[in-house]
Amino acid sequence: MAELAALEDPRARAVNERHGDDHGVNLGKLRAIAKRLKTQQELARQLWATGDTAARLLAVLVCRPRAFDRDELDVMLREARTPKVHDWLVNYVVKKNPHAEELRLAWSADPDPVVASAGWALTTERVAKKPAGLDLGGLLDVIEAEMKGAPDRLQWAMNNCLARIGIDHPEHRARAIGIGERLQVLKDYPTPPSCTSPFAPVWIAEMVRRQSAE
């Protein structure tokens with residue numbers, strides 16, 4: 001904790017706080033510490049228990065993802081209220097855990113929109129890598145009905161799923177693009193010239209173009 005405190009940079013904190021993250025540690029330096037520490041599950045649990053955002057990010061990097069039980073991950077997800085901790089926990093830990101599918105189903109139906117957004121992130125992973133058994137048409141029905149009015153984090157996660165369905169599943173592509181065009185979600189999102197817009201119709205078209213060019 002003293003080492004993390006020494007890495008605190010007020011300028012980095014100011015940038016991070018604009019995105020809802022309350023820490024000022026350079027992520028490259030954080031990863032260097034994790035590389036030195038290697039995997040330490042008990043240390044990861046102790047770091048997480050501090051409640052400190054930088055410590056929790058480090059915990060995610062040094063933990064053993066498959067060592068957590070389902071209820072432990074559920075509690076951790078509900079405690080992870082800053083976007084970076086939430087995203088890293090889902091992407092680096094939950095996706096590699098044997099309870100991921102069970103949690104996906106539970107979280108997707110959760111009334112807390114931040115928890116539900118984790119369920120949608122796991123669903124997007126399945127859309128891309130293990131779509132067998134998913135009702136893609138049903139997912140599009142839910143997105144069409146709920147994405148426009150969803151809170152920001154949940155809306156973002158639903159939009160990612162919409163785009164992934166359109167990119168990876170040609171049979172649903174026209175409908176996915178049509179939903180994006182009708183709802184206009186993230187159409188005006190500020191996007192640097194070198195990046196692809198998160199507006200689903202633009203995102204889908206660009207990724208399909210790249211795939212066809214390969």
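Visitor: Leaving aside its neighbours within four places in sequence, which residues is Leu-89 in contact with?

Guide: Leu-89 is in contact with Trp-48, Val-60, Met-76, Leu-77, Ala-80 and Val-94, where contact means heavy atoms within 4.5 Å. Please note that this is a predicted model, in which local features need pLDDT of at least 70, side-chain atom pairs count only at pLDDT 80 or more, and totals for chains, interfaces and linings use all residues. Residues are numbered from 1 along each chain as its sequence is written, and side-chain values use heavy atoms, with hydrogens and water left out.

Visitor: Which residues of helix 7 are buried?

Guide: They are Pro-83, Val-85, His-86, Trp-88, Leu-89, Val-90 and Val-93. Buried means under 20% relative accessible area, exposed means over 50%, and partly exposed lies in between (1.4 Å probe, protein chains only). Helices (H or I, at least four residues) are DSSP runs, numbered from the N terminus, as are strands (E, at least two).

Visitor: What covers those buried residues of helix 7?

Guide: The cover includes helix 3 (27-37), helix 4 (41-49), helix 5 (53-62), helix 6 (70-79), helix 9 (113-129) and helix 11.

Visitor: New topic. How many aromatic pairs are there?

Guide: The count comes to two aromatic pairs. Rings of Phe, Tyr and Trp (its six-membered ring) pair if their centres lie within 6.5 Å; planes under 30 degrees apart count as stacked, over 60 as edge-to-face and the rest as tilted. Trp-88 and Tyr-92 form a tilted pair, at 5.3 Å centre to centre with 40° between the planes.

Visitor: How far apart are Trp-88 and Tyr-92 along helix 7?

Guide: Trp-88 and Tyr-92 are four residues apart in helix 7 (residues 83-93), and so are separated by about one helical turn. Trp-88 is buried, at 6% relative accessible area, whereas Tyr-92 is partly exposed at 28%.

Visitor: And what about Trp-156 and Tyr-189?

Guide: Their ring centres are 5.2 Å apart and their planes stand at 55°, so this pair is tilted. Trp-156 lies in helix 11 (residues 152-168) and Tyr-189 in the loop between helix 12 (170-183) and helix 13 (200-213), so the pair ties together parts that are 33 residues apart in sequence. Trp-156 is partly exposed at 34%, and Tyr-189 is partly exposed at 39%.

Visitor: Which residues of helix 11 meet helix 12?

Guide: Leu-162, Ile-165, Gly-166, Ile-167 and Asp-168 of helix 11 meet residues of helix 12, among them Pro-170 and Ala-176.
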